[in-house]
Amino acid sequence: MTHTRDSFHSRIGFVLAAAGSAIGLGNIWGFPTQAANNGGGAFLFVYLLVTLLLALPALYAEIYIGNQAQKNPVAALKDACQDSLPNVGKYAGIIGLCGAIMMLSFYTIVAGWMLAHALSAFTELLGLTSISQWLSTSSTERNLLFTPLFILLGAAIIHQGVNAGIEKWSARLMPLLLVMLIGLIIYILRQPGAEKGLALYLIPDFSQVTNPKLIISAMGQAFFSLSIGVGGMMVYGSYMQKGKDIGKLALSITALDTFIAFMAGLLIIPALFVAQEAGVKVFSNNELIGEGQLIFRILPELFNSMGDVGLIVSSCFFLLLSIAALTSTISSTEVPVSYLMEDKSFTRSKATWLVSFVVLCASMLLIAFFDELFGLVIRLLTTILQPLSCLFYFIVVGWLWNRGNKLRDKSLQEGRKWLPLWGNYLRFVCPLLLTVVFVNVAILN
């Protein structure tokens with residue numbers, strides 16, 4: 001059975017979908033938490049620097065491989081390594097596919113928590129106090145209800161295809177996310193105590209810029225926030241018409257992703273100080289109280305102290321996080337779906353529901369053995385599998401891929417002096433920088 005390959009119909013559609021993939025809970029919660037714990041403005045400065053030096057080239061490499069091959073990540077990496085190590089390329093693609101399933105297994109659980117908290121504030125407004133309390137309290141029963149619900153939401157979009165599903169819904173959800181984020185920022189910045197958080201976030205203490213812990217945290221956050229290393233950006237790149245300026249596209253995605261992370265900092269860090277002003281304990285020994293407690297205890301306490309308006313703000317905040325999570329899960333789901341369609345001749349419908357079932361089984365396994373597996377799976381993915389996958393992308397682009405690789409083809413480089421410079425940067429500098437991140441984040445921490 002053959003399939004006509006679906007594609008993005010516009011540049012803006014691709015950018016919004018890819019930015020949606022990158023923009024997730026890591027941006028809207030992870031980045032502000034890291035910033036608040038690592039010197040505020042100093043962290044922001046280093047984060048912006050390493051995003052340009054490392055994360056942007058990594059994103060470029062992943063999109064570039066997919067765009068040149070016009071195939072799913074398994075086939076694309078096999079083709080790129082055809083002259084040297086075809087089987088290595090194929091299995092690296094399969095490992096990335098497994099990484100996408102791993103990411104979805106825990107991400108859908110966390111996304112379900114966000115959805116439950118959004119509904120908790122809404123039901124409290126309606127006077128349904130017992131339901132609201134159940135929704136806001138962590139339990140296995142709540143996980144068993146909301147995790148499948150979130151998986152179904154993602155599957156419903158993927159099922160519709162690239163243009164009718166991913167592109168259309170990204171074009172709707174991303175502007176909605178931005179509008180909600182701006183609205184919440186305006187509201188929080190008008191509350192007592194917000195100016196202290198604003199000062200911490202926007203005024204860098206340059207004496208902290210050389211702090212090794214800060215540098216490593218910023219490098220890790222910059223790399224992981226762009227959702228690279230599991231093939232999602234590669235498969236999106238393959239759905240973009242060949243010959244487009246991948247550099248400009250990667251720059252647009254990185255700029256939008258970084259802008260959202262910056263805006264999230266404008267919301268969360270002042271909100272912490274507003275909560276502190278309202279009498280909520282936020283810091284312990286100059287460190288933020290644990291991240292899990294922070295999002296589900298401190299901010300709801302702040303919102304509750306605002307009365308009915310606070311409940312509306314709370315519902316919007318957690319809905320915002322749910323949208324960010326949904327746009328991220330779509331790209332990871334598309335990785336195994338595209339593989340099943342192209343290499344195993346599945347229909348999109350059959351592939352979508354099979355992948356969703358596998359993700360559901362993996363999520364249920366994590367829920368059943370939550371304490372043992374949840375943190376372990378996150379650590380394996382974010383500190384080992386993703387950086388090693390991306391290191392492999394750099395090696396592919398810089399060393400293994402010859403035919404069709406314009407970054408190494410001297411005839412294609414004539415008259416374009418920047419191409420060999422960019423190719424050498426990806427070939428030599430990026431693998432070295434990424435190795436530093438991997439050694440420090442995965443081994444020394």
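Where does Ile186 lie? Ile186 is in helix H8 (residues 162–189), helices being DSSP runs of H or I with at least four residues, as strands are runs of E with at least two, numbered from the N terminus.

1. Basis. This is a predicted model, in which local features need pLDDT of at least 70 and side-chain atom pairs count only at pLDDT 80 or more, while totals for chains, interfaces and linings use all residues. Residues are numbered from 1 along each chain as its sequence is written, and side-chain values use heavy atoms, with hydrogens and water left out.

2. Ile186. This residue is partly exposed, with a relative accessible area of 49%. The terms are set with a 1.4 Å probe on protein chains only: buried is under 20% relative accessible area, exposed is over 50%, and partly exposed is in between. Between the C-alpha atoms of Ile186 and Gly310 there are 14 Å, and the two residues are 124 apart along the chain.

3. Salt bridges. A salt bridge here is a side-chain nitrogen of Lys or Arg within 4 Å of a carboxyl oxygen of Asp or Glu. The structure has four salt bridges by this rule. One of them joins the side chains of Lys71 and Asp79, at 2.6 Å from N to O. Lys71 is partly exposed at 32% relative accessibility, and Asp79 is partly exposed at 33%.

4. Arg403 and Asp83. The side chains of these two residues also form a salt bridge, at 2.6 Å from N to O. This pair links distant parts of the chain, 320 residues apart: Arg403 is in the loop between helix H16 (370–400) and helix H17 (410–413), and Asp83 is in the loop between helix H4 (73–80) and helix H5 (86–125). Arg403 is exposed, at 61% relative accessibility, whereas Asp83 is partly exposed, at 42%.

5. Arg348 and Glu334. A further salt bridge joins these side chains, at 2.9 Å from N to O. Arg348 is in helix H15 (residues 348–368) and Glu334 is in helix H14 (residues 308–343), 14 residues apart. Are these two residues buried or exposed? Both Arg348 and Glu334 are buried.

6. Aromatic pairs. Rings of Phe, Tyr and Trp (its six-membered ring) pair if their centres lie within 6.5 Å; planes under 30 degrees apart are stacked, over 60 edge-to-face, and the rest tilted. There are 20 aromatic pairs in the structure. Among them is the tilted pair of Phe31 and Phe43, with 5.8 Å from centre to centre and 50° between the planes. Phe31 lies in helix H2 (residues 25–37) and Phe43 in helix H3 (residues 41–69), so the pair ties together parts twelve residues apart in sequence. Phe31 is buried at 0% relative accessibility, and Phe43 is buried with a relative accessible area of 0%.

7. Phe43 again. The ring centres of Phe43 and Tyr47 are 6.3 Å apart and the planes are at 15°, so this pair is stacked. Both residues lie in helix H3, four residues apart, which is about one turn of the helix. Tyr47 is buried, at 1% relative accessible area. Elsewhere, ring pairs link Tyr60, Tyr64, Trp401, Trp422 and Tyr425 into a cluster.

8. Charges over rings. A charge sits over a ring if NZ of Lys or CZ of Arg is within 6 Å of the ring centre and within 35 degrees of the ring normal. The charged end of Lys350 sits over the ring of Phe346, 4.7 Å from the ring centre. The charged end of Arg427 sits over the ring of Trp399, 3.8 Å from the ring centre.

9. On a 1 Å grid over the protein atoms alone, a cavity is a set of points where a 1.4 Å probe fits but cannot get out, and lining residues have an atom within 4 Å of a point. Grid points are joined across faces, edges and corners, and a volume is the space filled by probe spheres set on the points.

10. Second largest cavity. The volume of this cavity is about 40 Å³. Leu184, Leu267, Leu299 and Phe317 are among its lining residues. H12 gives the most, with three residues.

Definitions and conventions. 1 Å grid on protein atoms, 1.4 Å probe; cavity = no way out; pocket = protein on both sides within 12 Å on 5 of 7 lines; lining within 4 Å.
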